[in-house]
Every structure is written in structure tokens, then in C-alpha cells.
Amino acid sequence: MKKNILIAALLLVWVGMSSCSDFLDRYPMDELSDGSFWKTPQDAEMFVANIYKILPGGDTGDIDGDINSDNAVHGIKWAAGNLAEGIYDPQDFGWQSEYEYIRACNVALQKIDMIENYPQEDKEKTIAEARFFRAYIYFTLIREFGDVPYVDEPLNLDEMEGYTRTSKDVIYDKVMEDFEYAISKLPVQWPASKYGRITRGGAQAMKARAALYFADWQVAADASKAVIDSGEYELFDAQGTGRYAELFWESQEMCSEAVLVRQFNNPENTHYLLGWGCFPTLGWGGLNPTQSLVDAFECIDGAPITTSPLYNEKKPFENRDLRCGVCILHDGEERYGITIKVAPLKSSGNTGIAQHGDATATGYYNGKYLDPSIDPQTTGWDMGKDWHVIRFAEVLLTYAEAKNEISPLDATALEAVNRVRRRVSLPELQTTDPSRPTYCGTQDDLRQRIRNEWRVEFAMEGNKRMWDIRRWGIAKEVMNAPFLGLKYKIVDNPDAPDDDEDGGKICILYEGDNIILAPRRYEDHNYVMPIPQSERDLNPALTQNPGYN
């Protein structure tokens, strides 16, 4: 049963994430007068619970994040958007929602002292939640835009006219202060009835993410190490018994790998994760992995496909990293009783390349989240699976990357990344035997292997790759190269009947030429996005980022 019986046991003060947000939809924050609200601890907790909606996973833009990187193109052609094409139009960007939630955080922090007889420990936990979200939102803003206005009082949006942009470095320091307070006051775990609320480990992990993005290596290493040392989290199927695919199914959404989630519950609060992404016939085709992503998965000997003797380009999915088969849905695989055929021929049906508007553009479909217990045509369009905002695998890779930057080839960095590799039965990276393909002889050797782990572990899980290629300074290189799909060639079929629907032709996959798609275009100034034009129209004091009109 979904979440076993925990959902049924949610306490009234928590109201299950969705019902409290419904409450505040009916009674907007601005209408909660001091005379009628801010009377009881429940008021404060309901108010702060509404802020959880800012976490990612609530719309298709979060699900589709990989189209803004070199990992994927959009199967649903009309849904791609300008950013996926490398078009950075200030008219397309906005931050109104973020500042509305920042205002909510500031309101909570200002009003909470009005509540009498609020037990101090409980009050501090609620303050910690509000400060965590203020830190999280400002981190996402400075990551996206660089300098932005910093407001720590509950102003309305129309009161922000005249506010100028605060240095991102100043805001980063304030973000770290808020994270530190949250970490000091949040519980290690909440009662089971309050599953989904931010924990100490979740705050530490998000602090580590922010520090990693801005290359604050020691802070990233310390924060991620604190999560690891807490013993509260572990990789799902850590022993590597081959169950990795289940991590993305309903049955494992509350597993020990979940550090921070955005909670969903069918039918009250749902999303389209499965139906949007499932292959055509049962869904809309969502994300189409690129050949570059497919090629990033190692062979089972721990070597890249470019050097492994196990790699067979005509049978490219044999002897590959387990995660390749989980992530990349390719020709000949069966899901939900349907066999995938990707040849650009009529006989391939709805799954064939370019056979209709939502058909794969690359020859591949996304295999993650194809939960066999869920029917994509019914429940899949009204799905209640939680979105994993942070998994423990991220914490391990954060520590590995940061520690290697501080102390090259550090043994603890190797152990952290190898925990992720052991889970999928890949050989461990090592520094002692140059004859083996897992050898890392230099800091950059290990750096590149860790970067590849980031890519293959989190492929098709939102916008992680988009931000990674920016912070690593490789976005211009990978985004301006042509995007490729699989190789195929069309040849005559001498055995075809006269009425052959494919005109006497057959398709041979993994031979011939790659599908070539347009590059995405990226310039150095695209490291940050343009300041939204709508905000500059409202506030002339806001300057534009260099490189944008």
C-alpha cells in the first residue's frame, strides 16, 4: 500500500503537505490577519508547510531538466522551450514565485513570536524550516541569475521597486548562515507521521550542494561528510544485488537513500512523471537520451567503451554498466507487454524514429521510472510517487568531488565514489595498479571519473547535468557540439513481399551514420541567465547581466 499506512497517520498539525497548501490557497498569506491567525503552533506549522511547494518535482519543467544539457532532447517536440534550443530570452525568465516564497519565509520569521505558549524546541524547528527554505531559494536564485535583490523582511512584490541587485557573494554568506541555523535546530528525523519534512541531514545535504556549486570545497566536504557520518542514510541495494531499477519505483520512495523529497500522494497531490515520460503508445515520449549519454556508461570491466575489449558496437548494450539498461530504453526491449522498435519504418509503429511528432529523435527513450506495477495509461497520468530532491548518492559524490579537489586522490574520496559504483557492481576506482582500467594516477583522472559518475547516476533526474556542466566550465564545449543519436542505415530487403509496408526496405541499427541533431548554442555569458525582463519593467533599478539585451 502506498507509503504503507503512514499517510493515513498524518497528524492534523501537518495536514499532509497538500491539504495545508489547499488551506493557504483558499486563504492567501496576505489575508491571514494577525487577529485571526498566528495564534497557535498549528498556525505556524501550516503556514510553513505551504512553502514546501517550492521544492522541485511539481511540474514537467522539473522532470524535463536534462533537455537543457547534452544528456537528452525532448521527445515532445512542442514542449521543449527556448532554453533547450540555446535561446536565452529575458522575456522567458521570471522569479516572482521565488520571491513570493521568500516573502512567506520572512512573514513566518516575523510573525512566529506572536504565538503564545509555543514550546521553544518546537518553535525553533519551525523557524529552522523557514530559514532552510529562505536559504534554498536564494541559492537557486544566485545560481541562476548571479546578483539578485536580497530581502529579509516581508515586503510585497510591489514594494521591491528600487531594490538593487546584491552581490551573489554577500547572498551566499547569508545562505550559509541560514543553513547553519537550520542544521542546528532541525531534528535528525521527524516522527513517521511527519515524513517529508526537512531534516538535519537534508539541510546539510542542501548546504553541501550549494557549496559545491560555488567551489567552496571545504564547506561542501564537511557538510556532506556530516550526512555520511550520521548513519541515517544508505544507498538502496548498497550490496549491488541488481535491484537498482527499483529505486525509481513506487515501492522505494521512502527508502533509506531518500535524504530530501517533495512529497506526492495519489489522488490528492499528483504529477505526470510516468505518463509524460513513457514511450509513445503508453505515454508522450518525454526525454530522448543522446548518444553522448549512452556512450558515457562504462562496460562492466570499469573501462569506457572507447577502450574496453568488451564493447561491441553492433551489440552496444551488452556488458554495460547496469545503470545503462535502467536509464536507456532501446530497440528490442519490452515494457508493459510492448516491444520497442525504433527503426524509422512504418513497421516500427509508434516507437519508431520520426514516425510522428512525439517519436524518438535519437533512437532511444527514457527507461527510468517505468514502474511495472503502474499502468501508464491510468495511474501514470495521476501518479503519486515522491520526487527525490536529494538522494544519498548525491551526498557521496559531493564528498568525493570536494575531497579530491582539497586533497588529490584522497582515499576517502575514492571510497565515497566507490560506494556508488559497488551498488551497480562496477569495479572500484584505484590508485595502485596502472594496468587496470580503473586506475586513477592523477587528480584529474579521478576528477573526470567522478564527473562521469555524476552524469550516469543522475541521468534523466531533472536539471543536475545542466548545472554541472556550467560549474565545471564545460558547457560551451558540450552544448555547441552536434547532438547525436544512434547509427542506422536503410538497405534493400530482397525478401520483402510486393505489398511490404516499408517499401522493400529494412533498417540495420548500430551501423551507418549517426542521427545528427542541432547543437544547443552556449556562450560564456550564459553561465548565468538573463535578469527577467518582467522584473526590470517593474523595477528600473535592476541592471541586466552582461551579454543580454
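User: Where does N319 lie?
Analyst: N319 lies in the loop between α10 (291–296) and α11 (322–327), where helices (H or I, at least four residues) and strands (E, at least two) are DSSP runs numbered from the N terminus. This is a predicted model, in which local features need pLDDT of at least 70, side-chain atom pairs count only at pLDDT 80 or more, and totals for chains, interfaces and linings use all residues. Residues are numbered from 1 along each chain as its sequence is written, and side-chain values use heavy atoms, with hydrogens and water left out.

User: What is the phi of N319?
Analyst: Phi of N319 is near 60°, a positive value in a residue other than glycine. N319 is partly exposed, with a relative accessible area of 34%; buried means under 20%, exposed over 50% and partly exposed in between, for a 1.4 Å probe and protein chains only.

User: And M460, is that one buried or exposed?
Analyst: M460 is buried, with a relative accessible area of 1%. M460 is found in the loop between α14 (443–457) and α15 (464–471), and its phi is positive, about 70°, although M460 is not a glycine.

User: Changing topic, which residues does the cis peptide bond join?
Analyst: The cis peptide bond joins N266 and P267, with an omega of about 10°, and P267 lies in the loop between β2 (258–262) and α9 (273–277).

User: How do β9 and β11 pair?
Analyst: Strand β9 (residues 483–492) and β11 pair in the antiparallel sense over four bridges, where pairing requires that DSSP finds at least two bridges between two strands. Y488 stands opposite D513 in β11.
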